[in-house]
Amino acid sequence: MSALIDNFDLFARAFGVTLWVSLASGILAFVWGLLLAAFRVSPVGPLRTFGAAYVNVVRNTPLTLMFVFLVSAAPSLLGLTVPLGQPMAILALTLYTATFVCEAIRSGINSVGVGQAEAARSVGLTFVQTLSHVVLPQAFRSVLPPMINVYIAHIKNSSVAAGFAVTELVAIANRLSNGNPGDVIGIFAGVGLGYLVITVPLSVTAERLEARVAVAR
Amino acid sequence: MSDKQQVLYDVPGPKAVRRDKVYTVVFTLAFVGLIAGLVYGAAQRGIFDDRWNVLWAGDRGFTGLDVWRRLLWDGLVLGTLKAVAIAVPVVVVLALVLTIARQAPTRGVRWVAYGFTHVFRGIPVLLLMYFGVLALNLDPLWAVVLGLVVYNTAVVAEILRAGIAALPKGQKEAGLSIGLSPLATMLRIQLPQAVRIMMPALISQIVVLLKDTSLGFIIAYVELLTVTKNLYNFFGNTSIVPIVFASAVIYITVNMLVARLATAIEARLRRTSPVAAAEPEAVGAAGPH
């Protein structure tokens with residue numbers, strides 16, 4: 001642990017990077033995921049096809065491959081050169097997590113009673129109004145616990161960026177361990193704690209909410 | 001599921017049918033245009049020249065067959081699938097032990113099990129793999145397996161716990177009342193049913209595990225992604241797109257096959273087991289009754 005305390009400024013900065021990368025890509029992934037979910041339930045065929053194709057391809061691809069793709073193939077294939085480091089990490093995580101956000105929202109939409117949507121339609125609400133005023137607010141409740149789990153995985157996935165030139169928590173664990181071979185266990189315990197500080201409150205919240213949603217049914 | 005989604009909008013009348021047709025045409029054109037634009041741009045950068053030859057004719061003394069053998073045999077089978085094949089049985093055994101421990105009559109055992117699940121669900125798999133390499137001096141293979149096993153044990157135990165919670169209470173009571181010990185009730189009555197209900201979730205977890213083997217790329221374990229990188233480094237810049245493409249196709253195909261297995265099993269369960277057919281909604285929300 002002493003190596004970690006000596007280099008506390010590095011550790012704190014790395015913690016900040018993990019938080020920032022997770023937060024920035026988390027927000028973008030939510031927006032993109034919500035849009036994809038809307039695509040997947042929309043009345044317009046091509047949008048549904050696009051949504052389904054995107055989700056199925058990206059969800060079945062490892063995140064590491066997404067990074068490798070952006071590093072190596074994207075510049076010549078798409079003419080898209082993303083700066084290595086945080087911008088690339090944020091883009092890769094956004095594209096990846098959005099698919100899980102989309103699926104969580106979609107299963108939430110499916111869990112809302114048929115009568116709700118029927119009632120909304122029968123008072124003359126349009127598709128967009130039905131979704132935004134009636135279905136989504138109710139879906140939100142049952143979506144929340146799985147969504148929290150998606151974001152826990154998302155925060156941990158931000159560690160993949162360590163392999164692609166982002167100095168976040170795992171990268172700093174690696175670097176400090178190489179400099180202080182005697183203190184490896186302490187360093188890893190400290191960095192692990194850094195993640196748990198973020199993820200355990202989330203997973204406990206998810207568990208509580210799950211119990212509450214189940215009772216409310 | 002599809003009829004459920006249709007509830008979101010009216011069965012279209014003549015006007016809506018016309019409008020939807022217009023939207024369909026507009027968006028189809030938009031997507032076709034987008035794809036055409038991307039293809040045109042890619043063609044300008046010479047993507048469709050003879051670089052794809054590397055996948056069937058080969059290059060630099062490699063035949064196309066050699067390239068695929070590297071990808072499929074050295075990468076997929078001896079790298080990715082080997083780690084999966086070692087990790088999965090270990091995960092199954094440890095997760096069963098952990099699930100039983102979480103229902104143990106002794107409070108201390110329950111707490112240790114609870115702590116293990118929460119701690120290791122909250123730590124990145126990559127951190128565990130690095131720990132294996134740097135602190136335990138493991139080979140990359142065993143470091144990968146360590147990371148996969150520790151994380152997935154926690155997750156699978158959690159899935160099984162949700163499965164047990166979703167069983168009707170009478171199952172446990174019946175077991176205890178005919179004189180089985182709590183452990184025997186767990187092993188012979190609750191767990192078999194829980195495993196059955198949660199089978200789709202368990203198989204989906206294999207997809208997660210399979211994808212996580214690619215983290216081995218970062219800690220220098222030779223798996224599909226490492227082979228991919230070695231290949232395009234060997235063949236040079238022009239080979240990047242074809243080889244990364246081939247590798248992505250392999251990952252997506254394997255994962256979709258596993259996912260399809262999950263769907264097939266789910267459909268079969270729905271046909272054969274009344275319990276499973278009645279429960280999936282509750283299981284989906286992982287709600288204890």
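Reader: Leaving aside neighbours within four places in sequence, what is Ala262(B) in contact with?
Author: With those neighbours set aside, Ala262(B) is in contact with Pro200(B), Ile203(B) and Ser204(B); contact means heavy atoms within 4.5 Å. This is a predicted model, in which local features need pLDDT of at least 70 and side-chain atom pairs count only at pLDDT 80 or more, while totals for chains, interfaces and linings use all residues. Residues are numbered from 1 along each chain as its sequence is written, chains are lettered from A and ligands numbered from 1 in the order in which they are written, and side-chain values use heavy atoms, with hydrogens and water left out.

Reader: Is Ala262(B) buried or exposed?
Author: Buried, with a relative accessible area of 7%. Buried means under 20% relative accessible area, exposed over 50%, and partly exposed in between, using a 1.4 Å probe and protein chains only.

Reader: Which helix is Ala262(B) in?
Author: Ala262(B) lies in helix 11 of chain B. Helices are DSSP runs (H or I, at least four residues) and strands are E runs of at least two, numbered from the N terminus.

Reader: New topic. At what angle do helix 6 and helix 8 of chain B pack?
Author: About 105°, with the axes 8 Å apart. Axes are lines fitted to C-alpha atoms, for helices over the stretch in contact, and angles run from 0 to 180 degrees between N-to-C directions. That makes the two helices roughly perpendicular, the label for 65 to 115 degrees; under 35 is roughly parallel, over 145 roughly antiparallel, and the rest oblique.

Reader: Which residues of helix 6 of chain B make the contact?
Author: Leu160(B), Gly163(B) and Ile164(B). From helix 8 of chain B come several residues, among them Met186(B) and Gln190(B).

Reader: Now chain A. Where is the kink in helix 4 of chain A centred?
Author: On Leu70(A), with a kink of about 45°. The bend at a residue is the angle between axes fitted to the seven residues ending there and the seven starting there. Leu70(A) is also one of the buried residues of helix 4 of chain A.

Reader: What covers those buried residues?
Author: The cover includes helices 3, 5 and 7 of chain A, together with helices 10 and 11 of chain B. Just after helix 4 of chain A, Gly79(A) takes a positive phi of about 70°.

Reader: How many helices and strands are there in chain A?
Author: Nine helices and zero strands. Of the 217 residues of chain A, 53% count as buried.
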